[in-house]
Amino acid sequence: MTWQDLDPTTHPFNPDQALDVVRDVVSSQDPESGRPRGLWSTHSIARGLAEHYGSWAFGWYHAVDESPYSGAIIRDLPVSGLGAHDLEQQAQRYASALLQWRAWLEELAAFFAQFAPGSDTDEEEVRRLRERAVAPLVTLVVERTEAGELWRGPCAQAFAWYLESTGMSAGEAEDLADEVVDSAFESWVAPDEEAVGRARETIGEHGA
(Lines give C-alpha, C1' and ligand atoms only; values in the text may rest on other atoms or scores of the structure.)
Protein backbone atom coordinates (compact mmCIF):
# COMPACT_ATOMS: atom_id res chain seq x y z
CA MET A 1 0.00 0.00 0.00
CA THR A 2 1.12 3.52 -0.73
CA TRP A 3 0.98 6.46 1.66
CA GLN A 4 -1.89 7.82 -0.39
CA ASP A 5 -3.86 4.69 0.57
CA LEU A 6 -3.02 5.14 4.25
CA ASP A 7 -2.77 8.86 4.97
CA PRO A 8 -5.12 9.48 7.92
CA THR A 9 -5.60 13.11 6.93
CA THR A 10 -7.63 11.93 3.94
CA HIS A 11 -9.30 8.89 5.55
CA PRO A 12 -11.67 9.92 8.36
CA PHE A 13 -11.99 7.60 11.35
CA ASN A 14 -13.94 7.73 14.62
CA PRO A 15 -12.10 5.68 17.27
CA ASP A 16 -15.13 5.75 19.56
CA GLN A 17 -17.06 3.65 17.04
CA ALA A 18 -14.24 1.20 16.28
CA LEU A 19 -15.26 -1.58 18.66
CA ASP A 20 -18.85 -1.61 17.39
CA VAL A 21 -17.63 -1.75 13.79
CA VAL A 22 -15.22 -4.59 14.58
CA ARG A 23 -17.97 -6.50 16.39
CA ASP A 24 -20.13 -6.27 13.26
CA VAL A 25 -17.25 -7.40 11.03
CA VAL A 26 -16.27 -10.32 13.27
CA SER A 27 -19.82 -11.66 13.30
CA SER A 28 -20.53 -10.92 9.61
CA GLN A 29 -20.54 -13.67 6.99
CA ASP A 30 -17.33 -14.50 5.20
CA PRO A 31 -18.19 -14.42 1.46
CA GLU A 32 -16.11 -17.51 0.64
CA SER A 33 -16.96 -19.84 3.52
CA GLY A 34 -20.38 -18.59 4.55
CA ARG A 35 -19.22 -18.72 8.18
CA PRO A 36 -18.80 -15.79 10.56
CA ARG A 37 -15.53 -14.04 9.73
CA GLY A 38 -14.38 -14.47 13.32
CA LEU A 39 -14.71 -18.24 12.97
CA TRP A 40 -12.96 -18.32 9.62
CA SER A 41 -9.73 -16.31 9.47
CA THR A 42 -7.91 -13.17 10.55
CA HIS A 43 -7.42 -12.35 6.88
CA SER A 44 -11.19 -12.35 6.38
CA ILE A 45 -11.60 -9.93 9.29
CA ALA A 46 -8.92 -7.64 7.85
CA ARG A 47 -10.71 -7.70 4.50
CA GLY A 48 -13.99 -6.86 6.20
CA LEU A 49 -12.47 -3.88 7.99
CA ALA A 50 -10.93 -2.65 4.73
CA GLU A 51 -14.34 -2.92 3.07
CA HIS A 52 -15.80 -0.71 5.79
CA TYR A 53 -13.01 1.84 6.32
CA GLY A 54 -10.91 1.66 3.17
CA SER A 55 -7.66 -0.10 2.36
CA TRP A 56 -5.71 1.60 5.18
CA ALA A 57 -7.58 -0.58 7.68
CA PHE A 58 -6.01 -3.73 6.20
CA GLY A 59 -2.51 -2.61 7.17
CA TRP A 60 -2.59 -3.87 10.75
CA TYR A 61 -2.86 -7.45 9.44
CA HIS A 62 0.84 -7.45 8.53
CA ALA A 63 1.92 -5.36 11.53
CA VAL A 64 0.99 -7.70 14.41
CA ASP A 65 3.34 -9.95 16.36
CA GLU A 66 2.54 -10.64 19.98
CA SER A 67 6.12 -11.42 20.97
CA PRO A 68 7.43 -8.52 23.08
CA TYR A 69 10.75 -8.76 21.24
CA SER A 70 9.48 -9.02 17.70
CA GLY A 71 10.06 -5.45 16.59
CA ALA A 72 6.58 -5.32 15.06
CA ILE A 73 4.41 -2.20 15.21
CA ILE A 74 1.58 -3.93 17.13
CA ARG A 75 2.48 -6.14 20.08
CA ASP A 76 0.17 -5.00 22.87
CA LEU A 77 -3.11 -6.89 22.50
CA PRO A 78 -5.69 -8.08 25.06
CA VAL A 79 -4.81 -11.53 26.37
CA SER A 80 -6.43 -14.43 24.51
CA GLY A 81 -7.81 -16.87 27.04
CA LEU A 82 -11.36 -17.81 26.13
CA GLY A 83 -10.72 -19.65 22.88
CA ALA A 84 -10.98 -18.85 19.19
CA HIS A 85 -14.77 -19.21 19.15
CA ASP A 86 -15.42 -16.31 21.53
CA LEU A 87 -16.42 -13.59 19.07
CA GLU A 88 -16.55 -10.83 21.68
CA GLN A 89 -12.99 -11.56 22.75
CA GLN A 90 -11.91 -11.49 19.14
CA ALA A 91 -13.65 -8.16 18.64
CA GLN A 92 -11.73 -6.70 21.57
CA ARG A 93 -8.40 -7.90 20.22
CA TYR A 94 -8.96 -6.83 16.63
CA ALA A 95 -10.29 -3.45 17.70
CA SER A 96 -7.14 -2.95 19.75
CA ALA A 97 -4.98 -3.86 16.75
CA LEU A 98 -6.92 -1.48 14.51
CA LEU A 99 -6.66 1.40 16.99
CA GLN A 100 -2.92 0.86 17.47
CA TRP A 101 -2.41 0.80 13.72
CA ARG A 102 -4.42 3.98 13.25
CA ALA A 103 -2.46 5.70 16.03
CA TRP A 104 0.80 4.76 14.30
CA LEU A 105 -0.41 6.19 10.99
CA GLU A 106 -1.45 9.39 12.72
CA GLU A 107 1.92 9.64 14.42
CA LEU A 108 3.66 9.23 11.06
CA ALA A 109 1.37 11.78 9.42
CA ALA A 110 2.23 14.34 12.10
CA PHE A 111 5.93 13.65 11.57
CA PHE A 112 5.65 13.92 7.80
CA ALA A 113 3.91 17.28 8.16
CA GLN A 114 6.91 18.59 10.12
CA PHE A 115 9.27 17.64 7.30
CA ALA A 116 7.03 18.40 4.34
CA PRO A 117 8.37 20.50 1.45
CA GLY A 118 6.38 23.51 0.38
CA SER A 119 4.88 23.85 -3.05
CA ASP A 120 7.72 26.15 -4.15
CA THR A 121 10.58 24.13 -2.56
CA ASP A 122 13.33 23.51 -5.09
CA GLU A 123 15.03 20.16 -5.70
CA GLU A 124 18.10 20.86 -3.57
CA GLU A 125 15.98 21.97 -0.60
CA VAL A 126 13.88 18.80 -0.89
CA ARG A 127 17.04 16.70 -0.70
CA ARG A 128 18.25 18.55 2.39
CA LEU A 129 14.83 18.22 4.01
CA ARG A 130 14.82 14.46 3.44
CA GLU A 131 18.30 14.22 4.94
CA ARG A 132 17.20 16.09 8.06
CA ALA A 133 14.22 13.77 8.48
CA VAL A 134 16.32 10.59 8.61
CA ALA A 135 17.56 10.68 12.21
CA PRO A 136 14.26 11.67 13.87
CA LEU A 137 12.33 9.17 11.75
CA VAL A 138 14.69 6.35 12.74
CA THR A 139 14.29 7.39 16.37
CA LEU A 140 10.50 7.29 16.02
CA VAL A 141 10.57 3.76 14.58
CA VAL A 142 13.10 2.49 17.14
CA GLU A 143 11.00 3.84 20.00
CA ARG A 144 7.96 2.01 18.63
CA THR A 145 9.66 -1.30 17.76
CA GLU A 146 12.51 -1.32 20.31
CA ALA A 147 14.72 -2.42 17.38
CA GLY A 148 13.61 -6.04 17.71
CA GLU A 149 14.08 -8.79 15.18
CA LEU A 150 11.62 -7.44 12.60
CA TRP A 151 12.13 -3.71 13.11
CA ARG A 152 13.79 -3.10 9.75
CA GLY A 153 10.53 -3.85 7.92
CA PRO A 154 8.54 -1.09 9.65
CA CYS A 155 11.54 1.20 9.26
CA ALA A 156 11.72 0.68 5.49
CA GLN A 157 7.96 1.13 5.31
CA ALA A 158 8.11 4.43 7.22
CA PHE A 159 10.95 5.71 5.04
CA ALA A 160 9.10 4.78 1.85
CA TRP A 161 5.92 6.49 2.99
CA TYR A 162 7.82 9.61 4.04
CA LEU A 163 9.67 9.83 0.73
CA GLU A 164 6.39 9.36 -1.11
CA SER A 165 4.83 12.15 0.94
CA THR A 166 7.59 14.49 -0.29
CA GLY A 167 6.72 13.86 -3.94
CA MET A 168 8.74 10.76 -4.84
CA SER A 169 6.88 8.05 -6.76
CA ALA A 170 5.75 5.10 -4.64
CA GLY A 171 7.93 2.60 -6.51
CA GLU A 172 11.05 4.76 -6.35
CA ALA A 173 10.44 5.51 -2.67
CA GLU A 174 10.12 1.83 -1.84
CA ASP A 175 13.31 0.93 -3.70
CA LEU A 176 15.31 3.70 -2.01
CA ALA A 177 13.94 2.85 1.44
CA ASP A 178 14.87 -0.81 1.00
CA GLU A 179 18.36 0.19 -0.15
CA VAL A 180 18.84 2.43 2.88
CA VAL A 181 17.66 -0.11 5.43
CA ASP A 182 19.46 -3.08 3.88
CA SER A 183 22.77 -1.22 3.71
CA ALA A 184 22.73 0.62 7.03
CA PHE A 185 20.66 -1.25 9.64
CA GLU A 186 20.61 -4.67 11.32
CA SER A 187 18.01 -6.73 13.13
CA TRP A 188 18.14 -6.60 16.93
CA VAL A 189 20.38 -3.51 16.78
CA ALA A 190 19.33 0.08 17.35
CA PRO A 191 21.42 2.02 14.81
CA ASP A 192 24.23 4.18 16.10
CA GLU A 193 25.18 7.61 14.79
CA GLU A 194 27.41 6.11 12.10
CA ALA A 195 24.63 3.88 10.73
CA VAL A 196 22.16 6.77 10.71
CA GLY A 197 24.77 8.86 8.93
CA ARG A 198 25.06 6.24 6.18
CA ALA A 199 21.30 6.23 5.79
CA ARG A 200 21.21 10.02 5.63
CA GLU A 201 23.96 10.06 3.02
CA THR A 202 22.18 7.50 0.81
CA ILE A 203 18.94 9.48 0.88
CA GLY A 204 20.70 12.81 0.43
CA GLU A 205 22.52 11.60 -2.67
CA HIS A 206 19.29 10.59 -4.34
CA GLY A 207 17.76 13.12 -6.69
CA ALA A 208 14.55 14.84 -5.70
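Where is Glu-146 found? I looked and placed Glu-146 in the loop between α5 and α6. Helices here are DSSP runs (H or I, at least four residues), numbered from the N terminus.

**Ground rules.** I am working from a predicted model, where local features need pLDDT of at least 70, side-chain atom pairs count only at pLDDT 80 or more, and totals for chains, interfaces and linings use all residues. Residues are numbered from 1 along each chain as its sequence is written, and side-chain values use heavy atoms, with hydrogens and water left out.

**The α5–α6 loop.** I checked phi next. Glu-146 has a positive phi of about 60 degrees although it is not a glycine. Ala-147 is found in the loop between α5 and α6, and its phi is positive too, at about 55 degrees. Most residues other than glycine have a negative phi. Then I asked about burial (buried means under 20% relative accessible area, exposed over 50%, partly exposed in between; 1.4 Å probe, protein chains only). Glu-146 is exposed because its relative accessible area is 57%. Ala-147 is buried, at 4%.

**Asp-30.** I found Asp-30 in the loop between α2 and α3. Asp-30 counts as buried because its relative accessibility is 0%. A polar atom of its side chain lies 3.0 Å from the backbone nitrogen of Glu-32. I also listed contacts (heavy atoms within 4.5 Å). Leaving out residues up to four places away in sequence, Asp-30 touches Arg-35, Pro-36, Arg-37, Trp-40, Ser-44 and Arg-47.

**The core.** The largest core holds 64 residues, and Trp-60, Trp-101, Phe-159 and Phe-185 touch the most other members. The largest share, twelve residues, comes from α4. Beyond four places in sequence, its contacts include Val-138, Trp-151, Phe-159, Pro-191 and Ala-199.

About 450 Å³ of space lies in the largest pocket. Of its 23 lining residues, the closest to the centre are Met-1, Gly-153, Pro-154, Gln-157 and Trp-161. The largest share of the lining, seven residues, comes from α6.

Technical notes. Core = buried A, V, L, I, M, F, W, Y, C linked by side-chain atoms within 4.5 Å. Helix = DSSP H or I, 4+ residues; strand = E, 2+ residues; numbered from the N terminus. Polar contact = N/O pair within 3.5 Å; in protein donor to acceptor, adjacent residues only side chain to side chain. 1 Å grid on protein atoms, 1.4 Å probe; cavity = no way out; pocket = protein on both sides within 12 Å on 5 of 7 lines; lining within 4 Å. Points joined across faces, edges and corners; volume = space filled by probe spheres on them.
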